[in-house]
Amino acid sequence: MDNCYTHCCTCYCYTVHCTVVFFATHSLAITIFIAGQMLYYDGTSNFPSEYCQAITGVLVFISVIGFVSVMLLGSHPHTVYTLLNWLYLLSMVKVAITILKFLPQVRSNIARKSTQGWNIHGSNMDFVGGMF
């Protein structure tokens, strides 16, 4: 990965630290754990809406197609289908998910004209974690 980044962006040398990998893995594990708790304790009463399922399906589809493109076409010279570009695609998917997951709460706050029940610390931690 470091060689791919150095080849693509010659102006800056960046190494992937183990903390970056740990943060992503930890975030995925916690998300799966929370989703499992929602399904286990609440059953289908707390299942994501059809709209949310459709958006999630589209984002997963885009990510999988990007990965398959890298695996099939990434070995050709002068290709744009590199593992680095796929990781950039995943970062854009992460930004889309972050924006979309806060929109229902913002809509609810506007309708109620109150932020009661919304813990700002979770939002702050999400944004700060994404910056690092």
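Trainee: What share of the 132 residues in this protein chain counts as buried?

Mentor: In this predicted model, 11% of the 132 residues count as buried. The chain exposes about 10700 Å², and carbon and sulfur atoms supply 71% of that.

Trainee: How many helices and strands does the protein chain have?

Mentor: You'll find five helices and zero strands. Following the sequence, the pattern reads α-α-α-α-α.

Trainee: Which residues of H3 are buried?

Mentor: They are Leu-59, Ser-63, Gly-66, Ser-69 and Val-70. Part of their cover comes from helix H4, residues 83-112.

Trainee: Why does Ser-63 count as buried?

Mentor: The cut-off for buried is under 20% relative accessible area. Ser-63 has 13% relative accessibility, so it counts as buried. Leaving out residues up to four places away in sequence, Ser-63 touches Trp-86, Leu-89, Leu-90 and Val-93.

Trainee: Now the backbone. What is the phi of Lys-113?

Mentor: Here's the general idea: most residues other than glycine have a negative phi. Lys-113 isn't a glycine, yet its phi is positive, about 55 degrees. Look for Lys-113 in the loop between H4 and helix H5, residues 120-131.

Trainee: Is Lys-113 buried or exposed?

Mentor: Exposed means over 50% relative accessible area. Lys-113 has 77%, so it is exposed.

Note on methods
Residues are numbered from 1 along each chain as its sequence is written. This is a predicted model: local features need pLDDT of at least 70, side-chain atom pairs count only at pLDDT 80 or more; totals for chains, interfaces and linings use all residues. Side-chain values use heavy atoms; hydrogens and water are left out. Buried means under 20% relative accessible area, exposed over 50%, partly exposed in between (1.4 Å probe, protein chains only). Helices (H or I, at least four residues) and strands (E, at least two) are DSSP runs, numbered from the N terminus. Contact means heavy atoms within 4.5 Å. Accessible areas come from the Shrake-Rupley method with a 1.4 Å probe; for residues, only the protein chains shown count as cover.
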